[in-house]
Amino acid sequence: MDGYLLACRMKVLIIGAGFGGIAAAVELKRHGIRDLTVLEKAPDFGGTWFHNTYPGCACDVPSHLYSFSYAQRRDWSRLCSPQSEIFDYVHRVARELGVDRMIETGCAVTACSWDDAACRWTVTTEGGEVHESDAIVIATGQLHKPAVPRIEGGETFEGHSFHSSHWDHDYDLTGKRVAVVGTGASAVQFVPEIAEQVRKLTVFQRTGNWFLPRKNRPYPPSFKALVERVPGVQAFRRRFMFEYCESLTLAIRHPGTFGRLLHLKSAAFMRSQLRDPELRRKVWPDYTFGCKRVLFSSYFLPALARPNVELVTDSIQRVTPTGIVTSDGRLHEVDCLIWGTGFKATEFMFPMEITGAEGRDLRHAWAGGAHAHLGIAVPGFPSMFIMYGPNTNTSGGSIILYHEAQASYIRQALQQVQRRGGGAIDVRAEVEAASDREVQSRFVGTAWTRCDSWYRDAEGRIVANWPGYMREYVERTRELDPAEYHFVQQPAPVVA
């Protein structure tokens, strides 16, 4: 009956067609929504796996966990699959579950506005198209807007430059002098790949990283056959990896005990890879293990020791037409500058304009930092839901588990609306405020609070990460409590 009601009476717009948008579309379609449209600004869907195609691009979460529970694939080529396989996977899932035809690409949403009188959302695109819907799901994610630091003289550089998420495959790096600014998760993957082909590679590091090993070699045929043909092997591996990832969160939550054990493991691994004492000194992080994202690589640190690679830890002062000047006054002349500086993770869906009930502006509502009940619902924005919203990032697990949990929760919210004859659902302000206080309080004493990181906004508030375990989030979102919401009544039809 729920599916019938949803199919007959509800129109939903999903903004963004990465893993989050696909998860929402699959869940809502399964439960009867047919008037469902997914708007994607890029020319193809896939989210981060469409945009990021740099050399060595791969997921650092094993693929049997970084995949939908209802669409398990047993023919992954290796533990952590490369970008092309993940991109193919999300396309296959969308096609096989019938949501690919619901996606409209090349539609960049600029504004979403709630109409109190009509009890509907109006969504406007960059091309001037206007869509109306009973509910919106914002699935733009946290990692989609490249972050390029503002550095004096940046616009004067006369060489070639690009961000890692917009890799220029037409530019040949062979024999070039290349600068990489940043040593985060993306740079750790592409630096070993390009180090072999460039003449000189200069890597500019602001802070070091804690590393754990990952060779990520192709599976041998015998192992692939075991996974594909023996029942239960894939399920066992998925459960084992789930628990392993939870242990990483355990270490971050308890830095003085469990975290100390992983810190020692990481330190021993890094020492074994860094024989040069001076290079080791430069690379070594000066913050608590787990405060920033822990990186998995067995190739990055050895790449820094190559004779054609130099690690620079002096701060960048300015960019000149021919290179980069550091705080020691040295000019590093380069032909190409690659920004490996990550994403604006704390901006969420902005610069999109979101206007809720009674003209509320989401920017104003989030002036003190982004917040939402379970990362999904914001008071004063009826029937607006967020996938991968505030405080739902994971430091030690698979975001796809969060996506599935969020999609199910959103579906329950829409079913509650229909059971009441239509209208909208709005989380109670006191519920969301209490929820936010509890989330923030759980960061106290954890490694997350012991340094600055991209998990924090400009005021230092942690707005990206969930402070607990995957299992906790799944359990919290398993069943929507109607008492935590109030329901906006559908306006009565006008009788002529």
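In the predicted model, Gln-273 is found in helix H8, which spans residues 258-273. The relative accessibility of Gln-273 is 18%, so this residue counts as buried, the limit for that class being under 20%. When neighbours within four places in sequence are left aside, Gln-273 is in contact with Ser-297, Ser-298, Leu-301 and Pro-302.

Helices H6 and H7 form a crossing pair. Helix H6 covers residues 221-229, and the axes of H6 and H7 come within 6 Å, with a crossing angle of roughly 100°. The two helices are therefore roughly perpendicular to each other, a description applied to angles of 65 to 115 degrees. On the H6 side, the meeting residues are Phe-223, Leu-226 and Val-227, and their partners in H7 are Val-233, Gln-234 and Arg-237.

Helix H7 runs over residues 233-253 and includes Phe-240. Phe-240 has a relative accessible area of 52% and is therefore exposed, since the class begins over 50%. Together with Phe-236 and Tyr-244, Phe-240 forms a nonpolar patch on the surface. The accessible area of these three residues together is about 360 Å².

Salt bridges were also counted. The count for the model comes to 21 salt bridges. Side chains of opposite charge can pair when their charged atoms come close. One of the pairs joins Asp-134 and Arg-120, whose closest N and O atoms are 3.1 Å apart. Asp-134 lies in the loop between strand S6 (130-133) and strand S7 (135-138), while Arg-120 is in strand S5 (residues 120-125), so the bridge ties together parts that are 14 residues apart in sequence. The two partners fall into separate accessibility classes: Asp-134 counts as buried at 9% relative accessibility, whereas Arg-120, at 23%, counts as partly exposed.

A further salt bridge is formed by Arg-363 and Glu-353, with 3.6 Å between the closest N and O atoms. Arg-363 is in helix H11 and Glu-353 in strand S18, and this pair links distant parts of the chain, 10 residues apart. Arg-363 has a relative accessibility of 35% and counts as partly exposed. Glu-353 is likewise partly exposed, with a relative accessible area of 36%.

In another pair, the side chains of Asp-436 and Arg-461 meet in a salt bridge with an N to O distance of 2.5 Å. Asp-436 belongs to helix H13 (residues 429-441), and Arg-461 to the loop between H13 and helix H14 (470-476), so parts that are 25 residues apart in sequence are tied together. Asp-436 is buried, at a relative accessible area of 15%. Arg-461 also counts as buried, its relative accessibility being 18%. Not counting residues up to four places away in sequence, Asp-436 touches His-371 as well as Arg-461.

Salt bridges also occur as a network. Arg-239, Glu-243, Glu-246 and Arg-471 are linked in this way.

Most residues other than glycine have a negative phi, and most peptide bonds are trans. The peptide bond from Phe-350 to Pro-351 is cis, with omega near 20°. Pro-351 is found in the loop between strand S17 (336-339) and strand S18 (353-355). Strand S18 is also the element that holds Glu-353, the salt-bridge partner of Arg-363.

Positive phi values are found at Ser-383 and Asn-391, neither of which is a glycine. At Ser-383, phi is near 50°. Ser-383 is found in the loop between helix H11 (362-365) and strand S19 (384-386). With a relative accessible area of 2%, Ser-383 is buried. At Asn-391, phi is about 60°. Asn-391 lies in the loop between S19 and helix H12 (399-419). Asn-391 is buried as well, with a relative accessible area of 5%.

Definitions and conventions: Residues are numbered from 1 along each chain as its sequence is written. This is a predicted model: local features need pLDDT of at least 70, side-chain atom pairs count only at pLDDT 80 or more; totals for chains, interfaces and linings use all residues. Side-chain values use heavy atoms; hydrogens and water are left out. Patches are made of residues with over 30% relative accessible area and no salt bridge: like charges are joined within 9 Å, nonpolar side chains (Val, Leu, Ile, Met, Phe, Trp, Tyr) within 5 Å. Accessible areas come from the Shrake-Rupley method with a 1.4 Å probe; for residues, only the protein chains shown count as cover. A salt bridge is a side-chain nitrogen of Lys or Arg within 4 Å of a carboxyl oxygen of Asp or Glu. Helices (H or I, at least four residues) and strands (E, at least two) are DSSP runs, numbered from the N terminus. Buried means under 20% relative accessible area, exposed over 50%, partly exposed in between (1.4 Å probe, protein chains only). Axes are lines fitted to C-alpha atoms, for helices over the stretch in contact, and angles run from 0 to 180 degrees between N-to-C directions. Angles under 35 degrees count as roughly parallel, over 145 as roughly antiparallel, 65 to 115 as roughly perpendicular and the rest as oblique. Contact means heavy atoms within 4.5 Å.
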